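Trainee: I would like to go through this model one question at a time. Please show it first.

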Amino acid sequence: MPVDFRNTPLALAGAVAMTLLAAPAAAIELPSRQAQIELVDMLEREALYRDRVDWAEIRARMSAGQGSPEKIRDVLKEAVGRSSGGHGAWVSAERMRAEGKRLDRVNAAPAAAAAAAASATVADTPRLDPRIGRVDIGGFSIVPGPAARQQTQERAARWQTEIRQQDNGIRCGWIVDLRGNTGGSMWPMLLGVAPLLRTTTSADETVGSFATADGPSLWQSTLSAVRLGRRVIDDLGRPGYSLKRTGAPVAVLTGPRTASSGEATVLAFRGRPDTRSFGEPTRGVSTANVMRRLVDGSSLVLTTSVMQDRNGRGDGRKIEPDQHTRGDAATLAAAQAWLLAQPACAGG
C-alpha cells in the first residue's frame with residue numbers, strides 16, 4: 001500500500017528539506033498568511049524542540065512584520081530552525097513540484113547504469129583484501145506521489161543486488177560506507193542493506209526506533225520488508241537476499257556528511273553483533289521528520305522525534321564512531337584490519 005507521508009517519519013536532510021530562502025525581496029517565497037499561522041501553530045504543538053522557542057514573541061514579531069517579506073521570512077526561519085534543531089523546513093508548492101520532477105528523473109535512471117556505477121566504485125578500491133565486500137549506501141530522496149513506492153522498492157533492490165553480486169563465497173567481512181549519505185528516505189536504505197544488517201535468515205529483527213511521547217516506535221526488518229511497528233513501509237514483494245555467511249562482521253564508515261537518514265542507518269547497525277564503526281562523527285541531525293501539507297499547498301517538514309538504536313540509545317545529536325580515523329586511506333585501512341582480525345576472517 002502507498003506510504004502516507006503525512007505521518008510516516010522521513011528523516012529528510014537532502015534536497016527536499018529546503019529552508020526558507022535568503023533571497024532578494026522580489027524573489028522571497030513565503031506561505032500565505034493563513035498558512036503562516038497554521039505553520040506556527042503546528043510547530044508549537046508538535047515540533048521536537050518546541051520548548052526552545054518563545055511562541056508569543058514569534059507571533060508578535062510576525063504581526064509586526066506584516067508587509068515586510070524579509071522580516072516574515074526571518075521570523076519563520078528562526079521558528080522552524082530552532083524548534084527542529086536545524087532539521088525541519090518549509091517548502092513551497094512550486095519547489096516541491098520542481099523537486100519531485102527532478103527526483104523522478106534521477107530515480108528513474110536505468111538500473112543497469114546504477115549497478116555499473118556502484119561496481120566501479122568498489123573496483124576503484126584496490127587496497128581492499130578480496131575477502132572484504134563493500135557497499136556504499138548514499139542519500140536517496142523521494143517526493144510523495146504515485147511513483148514513490150516503486151522508486152523506493154527499486155532502489156532497495158539495487159543495493160541488495162550489489163551485495164548479492166559481491167557475495168561470491170569468499171567474503172568474510174563487509175564495509176558499509178555511509179560517509180556520503182546526506183539523507184532522504186531511510187526506509188529503502190534499511191531495506192537495501194538488510195542482507196548485512198540482519199543476523200538471522202528467518203526472524204523479524206528490531207534494528208532501531210523513534211523515541212516518542214508514547215514510547216518507542218520500532219524499526220523492524222523482516223525477510224522482505226521494513227516496518228514501523230506493525231506497519232509495512234517498504235516491501236520488496238519477495239524474500240530479500242541472504243548472505244552466504246549470515247551475520248558476517250560489518251565495519252560501518254561515518255563522517256560529517258552522514259546526516260539524517262544516513263544517521264538512521266548508522267544507528268540501525270549500532271548494537272548489531274560483530275559490528276564496529278570507523279571515521280568521524282556524523283552531522284548531528286539524528287531526528288525524524290514528517291511531511292505536513294499546509295492550507296496553501298506548501299509543506300512543512302516537521303521534526304517530531306529522536307532516532308535511537310536497537311538498545312534505546314540516541315539523543316538526536318552527532319553519532320561518534322567506535323574508532324576515530326581521518327581520511328579515506330586511514331579509515332579503510334582501519335576497517336579492513338579490524339574485519340580481518342575477526343574470527344570469521346581469521347579462521348577462528
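Trainee: Which residues in α3 do Trp55, Ile58, Arg61, Met62 and Gly65 in α2 meet?
Mentor: This is a predicted model, and contact here means heavy atoms within 4.5 Å. The α2 side of the contact consists of Trp55, Ile58, Arg61, Met62 and Gly65. By class, the α2–α3 contact holds seven nonpolar, two polar and three charged residues. The partners in α3 are Lys71, Ile72, Val75, Leu76, Glu78, Ala79 and Ser83.

Trainee: How are α2 and α3 oriented to each other, roughly parallel or roughly antiparallel?
Mentor: Helix α2 spans residues 55–65 and helix α3 residues 69–84, and their axes lie 8 Å apart at an angle of about 160°. Angles over 145 degrees count as roughly antiparallel. The two helices, α2 and α3, are therefore roughly antiparallel.

Trainee: Which hand does the crossing of α2 and α3 have?
Mentor: Two packed helices are described by the angle between their axes and the distance between the axes. For α2 and α3 these are about 160° and 8 Å. The crossing of α2 and α3 is left-handed.

Trainee: Is Ala156 buried or exposed?
Mentor: Ala156 sits in helix α6, residues 148–166. Beyond residues up to four places away in sequence, Ala156 touches Pro188, Leu191, Gly192 and Leu236. Buried means under 20% relative accessible area. Ala156 has a relative accessible area of 0%, so Ala156 is buried.

Trainee: What share of the 348 residues of the protein chain counts as buried?
Mentor: The protein chain has 11 helices and 12 strands. Its accessible surface comes to about 14800 Å², with 51% belonging to carbon and sulfur atoms. The share of residues that count as buried is 52%.

Technical notes
Residues numbered from 1 in each chain as written. Predicted model: local features only at pLDDT ≥ 70, side-chain atom pairs only at ≥ 80, totals over all residues. Heavy atoms only, no water. Axes fitted to C-alpha atoms, helices over the stretch in contact; angles between N-to-C directions. Helix = DSSP H or I, 4+ residues; strand = E, 2+ residues; numbered from the N terminus. Parallel < 35°, antiparallel > 145°, perpendicular 65-115°, else oblique. Left-handed = near helix turned anticlockwise from the far one by under 90°. Nonpolar A, V, L, I, M, F, W, Y, C, P; charged D, E, K, R; others polar. Buried < 20%, exposed > 50% of the residue type's maximum accessible area, 1.4 Å probe, protein only. Areas by Shrake-Rupley, 256 points an atom, 1.4 Å probe, with all protein chains shown as cover.
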